[in-house]
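Hi,

Here is the structure I promised to pass on to you. Have a look at it first, and then read on for what turned up when I went through it.

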Amino acid sequence: MISTGIRVAALDDIPVGEGIAVDPSVTGAADAIALLRDDDGVVYALDDTCPHEVASLAEGWVEGGYVECPMHASKFCLRTGAVQCLPATSDARPHRVEVRDGEVFLYPGQTP
């Protein structure tokens with residue numbers, strides 16, 4: 001387990017209301033991980049691939065505690081990954097993330 005996290009981005013790399021994907025070669029995870037910055041500025045991390053279809057959640061719409069998949073508009077809770085509406089029926093896996101001194105650190109596989 002990574003105790004200090006992996007530095008994956010500067011906070012300014014993630015625009016408010018948007019996301020970026022971190023490649024598995026950086027994290028060691030099986031899937032890319034989406035760093036999603038809510039409209040209040042808080043950063044969350046979910047597996048990047050929507051569990052319904054192969055679409056990037058980092059390319060979705062981030063607002064009000066949720067990310068909406070750009071392909072079929074399924075919504076997921078940023079904090080827990082819980083699916084909020086169809087067509088998706090499975091949750092997105094969340095990951096622990098911390099912002100320290102303007103840098104974003106990811107803890108792949110650790111529950112927030």
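Strand E1, residues 6-10, runs antiparallel to E9 and is joined to it by 4 bridges. In this predicted model, one of the facing pairs is Ile6 with Leu106 of E9.

E9 has another antiparallel partner in strand E8 (residues 94-100), with 5 bridges between E8 and E9. If you want to find this pairing on your screen, look for Glu98, which stands opposite Phe105 in E9, and for Arg100, which stands opposite Glu103 in E9. E8 and E9 form a hairpin with 2 residues between the strands, and Asp101 in this hairpin takes a positive phi near 50°.

How enclosed is strand E9 by the rest of the structure? Of its 5 residues (103-107), 4 are buried, so the strand is largely enclosed.

E8 also pairs with E4, again in the antiparallel sense, over 2 bridges. Here Ala45 has His95 in E8 as its bridge partner.

Asp48 is buried but has no salt bridge, and the nearest side chain of opposite charge, that of Arg93, is 12 Å away. What does the side chain of Asp48 make a polar contact with? The partner is the side chain of Ser56, at 2.9 Å. Leaving out neighbours within four places in sequence, the residues in contact with Asp48 include Ala21, Asp31, Ala32, Ile33 and Ala34, as well as Ala55, Ser56, Leu57 and Ala58.

Three strands make it up, in the order E5-E6-E7, with antiparallel pairing. Strand E5 (61-63) and strand E7 (75-77) are at the edges and have a single partner strand each, so one side of each is left without a neighbour in the sheet. On average, neighbouring strands in this sheet are turned by 20° against each other, direction ignored. E5 pairs with strand E6 (residues 66-68) over 3 bridges in the antiparallel sense, and Trp61 stands opposite Glu68 in E6.

Best wishes

Definitions and conventions:
Residues numbered from 1 in each chain as written. Predicted model: local features only at pLDDT ≥ 70, side-chain atom pairs only at ≥ 80, totals over all residues. Heavy atoms only, no water. Buried < 20%, exposed > 50% of the residue type's maximum accessible area, 1.4 Å probe, protein only. Pairing = 2+ DSSP bridges. Axes fitted to C-alpha atoms, helices over the stretch in contact; angles between N-to-C directions. Lys, Arg positive; Asp, Glu negative; His and termini not counted. Salt bridge = Lys/Arg side-chain N within 4 Å of Asp/Glu carboxyl O. Polar contact = N/O pair within 3.5 Å; in protein donor to acceptor, adjacent residues only side chain to side chain. Contact = heavy atoms within 4.5 Å.
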